[in-house]
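Welcome! Let us take a walk through this model together, one region at a time.

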Amino acid sequence: MMPARLERLIDRLAAGGWAGAALMPATNLAYLTGLQFHPGKRLTLLLIPASGAQPVMVVPQLELERVRAAAPFAMQYVAWSDAEGPLRALAAGMEAAFGSGALAKPLAVEHTVMRVMELRALETVAPGLQTGDVDPLLSELRMVKDAEELALMERAVAIVEQALHAFIAQVRPGLSERALSRMLSDAIIAAGADSESFANMVASGPNAANPHHENSDRLLQPGDLVIIDCGAVYHGYHSDITRTIAIGEPEPAARHVYEIVLAANAAGRAAARPGASGAEIDAAARTVIEAAGYGAAFVHRTGHGLGRETHELPNIVAGSDTPLLPGTTFTVEPGIYLPGRFGVRIEDDVVITAEGSRSLTSFPRELIVVEAGSLP
């Protein structure tokens, strides 16, 4: 029996007139099959016929037994050795999956993942092959999470929030952003994460005016605002949270900006409901910041989809007009960035429910003021 996710993809491929799909060892393959392994430089492809016939895995010989043991459903395997190379096995796999005439139809491949190596191999064994992009189909399928996925995301959130509590207790002036970043990484892993969702960010003082700051040797100083952006991965699912804290009481202007961003975050979360679009949620948060006179300082989208990857659909931004269904997960993360001075961002992970929405993140949103104290 094929898992329901794979069956839904096959239905979409058949309805779209595709021969089928060829997937790399990456996020989409893991989503459909649970199989996870590094793609490396040895060709590996999962060939999925739109006919509903058994999928075919073209796999290096040294990976065959591991993949066969981990596969959650029956599939065919065509293995190849380093001595012979992958082309004969790939040709056999294509024949087994699609037959000799089926590739008169286009083959769906992952435009954002597939490398030239795999594409050229496919074109070599199937001259005249036409390809198209399967990413939109898979992104749409992945956007709505089932109960099992939501449970894993909630665990990823709980881990990163536990780590954030432990980390903030250690923050004090005189420590560098880079040293704090290492402490935050350690706290996330210690709390039970499989890994971090991304390289965490600790941006202090004027560095916080850069939304994608790279951690530096700058030492935290009394009066700084510090943006902390981090996430945890648990069983393949990601969390993503940002909080801004103060090292001692910040200047009144900084606290004022913080309250504006806090209100924008609340407005964005309040706008999230079944049928709302990413554009509507973005507008709700952005209107608060624009009304306060800081519209030009909000320089990025309000949020992005979250799940198997830190950034996926939907985009919470103007022009994103698809109505959101229950189970859709995304971030709400408005910010204000004043170059040379400071920045503020407050980010939460949100899921659309049948009645409205709820925040998966619950870490305090009110400004946390760390005692400036004495330098270490």
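A residue counts as buried when its relative accessible area is under 20%, as exposed when that area is over 50%, and as partly exposed in between, using a 1.4 Å probe and protein chains only. Serine 277 sits in the loop between α9 (252-271) and α10 (278-291). Leaving aside residues up to four places away in sequence, serine 277 touches Ser320, Asp321, Thr322 and Leu324, where contact means heavy atoms within 4.5 Å.

A word on where these values come from. This is a predicted model, in which local features need pLDDT of at least 70 and side-chain atom pairs count only at pLDDT 80 or more, while totals for chains, interfaces and linings use all residues. Residues are numbered from 1 along each chain as its sequence is written, and side-chain values use heavy atoms, with hydrogens and water left out. As for the element names, helices (H or I, at least four residues) and strands (E, at least two) are DSSP runs, numbered from the N terminus.

**Two sheets**

Strands count as paired if DSSP finds at least two bridges between them. In what order do the strands of the six-stranded sheet lie? The order is β4-β3-β2-β1-β5-β6, in an open sheet with mixed pairing. β4 (76-80) and β6 (131-133) are at the edges with a single partner strand each, so one side of each has no neighbour in the sheet. From one strand to the next, the twist averages 25 degrees. One of the pairings here joins β3 (residues 56-60) to β4, in the parallel sense and over five bridges.

Three strands make another open sheet, in the order β7-β10-β11 and with antiparallel pairing. Its edge strands are β7 (195-196) and β11 (237-238), each of which pairs on one side only. β7 is joined to β10 (residues 232-234) by two bridges.

Elsewhere, β13 (residues 303-305) and β14 run antiparallel and are joined by three bridges. The two form a hairpin with six residues between them.

Here are bridge partners from three of these pairings:

| Residue | Partner | Strand of the partner |
|---|---|---|
| valine 56 | glutamine 76 | β4 |
| glutamate 196 | alanine 232 | β10 |

Axes are lines fitted to C-alpha atoms, for helices over the stretch in contact, and angles run from 0 to 180 degrees between N-to-C directions. Angles under 35 degrees count as roughly parallel, over 145 as roughly antiparallel, 65 to 115 as roughly perpendicular and the rest as oblique.

Helix α7 (residues 147-168) and helix α8 (residues 177-190) have axes that come within 8 Å and cross at roughly 135 degrees. The two are therefore oblique to each other. Which residues of α7 and α8 make the contact? On the α7 side they are Ile159, Val160, Ala163, Leu164 and Phe167, and on the α8 side Leu180, Met183, Leu184, Ala187 and Ile188. α7 also lies across β10 and β11, at about 140 degrees to β10.

Helix α1 (residues 4-15) packs with helix α6 (residues 135-143) at an angle of about 140 degrees, their axes 11 Å apart. That angle makes α1 oblique to α6. Arg5, Arg8, Leu9, Arg12 and Leu13 of α1 meet Leu137, Leu138, Glu140 and Leu141 of α6.

**Residues worth a look**

Is arginine 243 buried or exposed? At 2% relative accessibility, arginine 243 counts as buried. Arginine 243 lies in strand β12 (residues 241-247). Among the residues that arginine 243 touches, not counting those up to four places away in sequence, are Leu164, Ile228, Glu347, Asp348 and Phe363.

Most residues other than glycine have a negative phi, and most peptide bonds are trans. Histidine 235, in the loop between β10 and β11, has a positive phi, near 50 degrees. With 46% relative accessibility, histidine 235 counts as partly exposed. The peptide bond from leucine 313 to proline 314 is cis, with omega near 5 degrees. Proline 314 belongs to strand β14 (residues 312-316).
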